[in-house]
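Hi everyone, thanks for coming.

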Amino acid sequence: MAIILGNILIVLTVRADAHLLQTPMYYFLGYLSFIDLCLSCVTVPKMLGDFLQQGKIISLSGCLAQIYFLHFLGASEMFLLTVMAYDRYVAICNPLHYPTVMNRPLCFQLVFACWCGGFIHSITQVTLVIQLPFCGPNELDNFYCDVPQVIKLACMDTYVVEVLMISNSGLLSLVCFLVLLFSYAVILITLRTCFHQGQSKALSTCASHLTAVSLIFVPCVFVYLRPFCSFSMDKVLRLLHSDYPYVEPPHLHTQKY
């Protein structure tokens, strides 16, 4: 409830103030809060529902839907955070050109590109999973459906699929993270030549962004760059809780895989 109410408040505040909406930083922040709002509704409601019942069942279509929206929104958020780092880079390193460079059409195009990138990434992930044969076991070692755990249920050699997953999710997370680190390294180097007052203002502006980047990218890099083995730390990184839902195929009979 805190996540939902907090993000709704940010979105409404940005939308209600015309000045904030015209500022690129708050324009991107509004979309980031909207993505966080949607992302919190992908897996948490099902997880909370499973707390109230003995059998934790999810259909194959529901499992694929979770994978699709999880990666669609997650990848869009990663791209948007990278765009926000570019926005901070231009604002701090080229302040005189900032209004010209970060104009409204460019901001709209960057946000649209983030959505498109997330869509392409999620479609790729679902395609990797939907073509796999499933015949057991039927227990997911997680509290929601994600590609690494669902792949392990396939009754075939999944080495190639897992390599494709690394090249998709793992490299996506790593490349975006490295771009972010490079952009902030340039910002910090630039701040060394600024006055103390300017340093404090710039650092305070970037602090919340750096915190969000660390909380999002570090777990993703840890989970998706080494899918061939599992550690207990994986569950800690997934909301510090583990659950074991069952995946039921969409057939008329009750046999599970």
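Before we look at any sulfurs, one cut-off: a disulfide here is a pair of cysteine sulfur atoms within 2.5 Å. Please keep in mind as well that this is a predicted model.

So what about Cys38? Its sulfur is 6.8 Å from the closest cysteine sulfur, the one in Cys41, and that is too far for a bond. Cys38 counts as partly exposed, because its relative accessibility is 26%. Cys107, on the other hand, is buried, at 2%.

How many disulfides does a search of the whole structure find? One. The partners are Cys63 and Cys145, with their sulfur atoms 2.2 Å apart. Cys63 sits in helix α4 and Cys145 in the loop between α6 and α7, so the pair ties together parts 82 residues apart in sequence. The torsion about the S-S bond is about -120 degrees, which means the disulfide is left-handed. Both Cys63 and Cys145 are buried.

Now the core. The largest nonpolar core has 63 residues, and Phe28, Ile67, Leu80, Val150 and Phe217 touch the most other members. Helix α4 gives the most to this core, 18 residues. If you click on Phe217 and skip its neighbours within four places in sequence, you'll find contacts including Met78, Leu81 and Phe177.

Last stop, helix α3. Its 28 residues reach 41 Å from first C-alpha to last, close to the expected 40 Å. Still, there is a kink of about 35 degrees at Val44, shortly before the proline Pro45.

That's my tour, happy to chat!

Methods
Residues are numbered from 1 along each chain as its sequence is written. This is a predicted model: local features need pLDDT of at least 70, side-chain atom pairs count only at pLDDT 80 or more; totals for chains, interfaces and linings use all residues. Side-chain values use heavy atoms; hydrogens and water are left out. A nonpolar core is a set of buried Ala, Val, Leu, Ile, Met, Phe, Trp, Tyr and Cys residues joined through side-chain atoms within 4.5 Å. Buried means under 20% relative accessible area, exposed over 50%, partly exposed in between (1.4 Å probe, protein chains only). Helices (H or I, at least four residues) and strands (E, at least two) are DSSP runs, numbered from the N terminus. Contact means heavy atoms within 4.5 Å. The expected span of a helix is 1.5 Å times one less than its number of residues. The bend at a residue is the angle between axes fitted to the seven residues ending there and the seven starting there.
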